[in-house]
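Student: Please take a close look at one helix of this model. I would like its length, its faces and its surroundings.

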Amino acid sequence: VKDFEFVALAYVVPSFLVVPASSPYNTAQELVAAAKANPGKLNFGSGGVGSSQHLFGVMFNTASKIDTVHVAYKGTAPAEAGLVAAQIQYMVNPPTALPFVSAGKLKALAVASTKRSASVPNVPTLDELGIPNVHTQTFYGVMAPAGTPKAIVERLNKEINAILQTPEMQERIAKFAAQTTAMSPAEFGAFVKAEIVRYGEIVRLSGAGKVD
């Protein structure tokens with residue numbers, strides 16, 4: 001936080017709650033109900049301990065008050081292959097899962113975001129389904145070295161936000177199921193600081209930060 005001036009948020013990429021196409025669960029509520037009825041019996045996958053999918057899964061489990069087993073694969077692609085093969089019951093995964101959804105190999109039950117994704121507009125948010133505050137987003141932004149003059153930071157922020165709103169950039173961003181939100185430098189800085197605190201708690205809950 002002390003090493004950078006926060007210039008502008010570029011975009012955020014939400015994650016999706018996905019299950020195998022053969023899964024008996026067609027809604028997030030059905031998955032949660034099954035997990036509550038069978039504590040410790042269902043599995044969720046990730047690309048490894050401490051990976052985004054691991055932390056996202058912990059966030060989902062914490063919010064929905066379920067107890068499931070984490071299965072760590074050696075990378076996202078093997079985890080997604082394991083999910084397609086129904087070796088695991090669910091993942092909270094980035095948009096890399098969406099091609100599998102389009103191909104009918106996975107089902108998207110919910111998007112873990114504050115708003116629906118334009119890529120799959122019929123998929124509800126977890127907030128809508130009564131599982132609030134599971135906003136598992138990867139964010140991308142522009143930063144400058146600490147001490148960069150405020151006038152330069154403000155100018156960069158203005159120009160970057162304008163570029164992001166052009167039809168060309170909106171079209172490119174939409175291809176990655178990403179979402180844009182114009183923020184001032186102060187708002188972007190506050191956002192990053194809040195994310196550090198939020199994920200610090202999730203890392204603690206996940207056990208990923210423990211050192212043997």
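Tutor: Helix H7 covers residues 185-206, 22 residues in all. At 1.5 Å a residue it should span 32 Å, and its end C-alpha atoms lie 31 Å apart, which agrees. The expected span is 1.5 Å times one less than the number of residues. Helices (H or I, at least four residues) and strands (E, at least two) are DSSP runs, numbered from the N terminus. The model is predicted: local features need pLDDT of at least 70, side-chain atom pairs count only at pLDDT 80 or more, and totals for chains, interfaces and linings use all residues. Residues are numbered from 1 along each chain as its sequence is written, and side-chain values use heavy atoms, leaving out hydrogens and water.

Now the faces. Buried in H7 are Pro-185, Phe-188, Gly-189, Phe-191, Val-192, Glu-195, Tyr-199, Ile-202 and Ser-206. Buried means under 20% relative accessible area, exposed over 50%, partly exposed in between (1.4 Å probe, protein chains only). Down the axis of H7, the buried residues fall within an arc of 155 degrees, so they line one face. That arc is taken from the directions from the helix axis to the C-beta atoms. Turned away from the buried side are the exposed Ala-186, Val-197 and Arg-204.

What covers the buried residues? The cover includes strands S1 (4-20) and S6 (137-145). Helices H2 (52-64) and H5 (150-164) also belong to it. Just after H7, Gly-207 takes a positive phi of about 80 degrees.

Definitions and conventions. Contact means heavy atoms within 4.5 Å.
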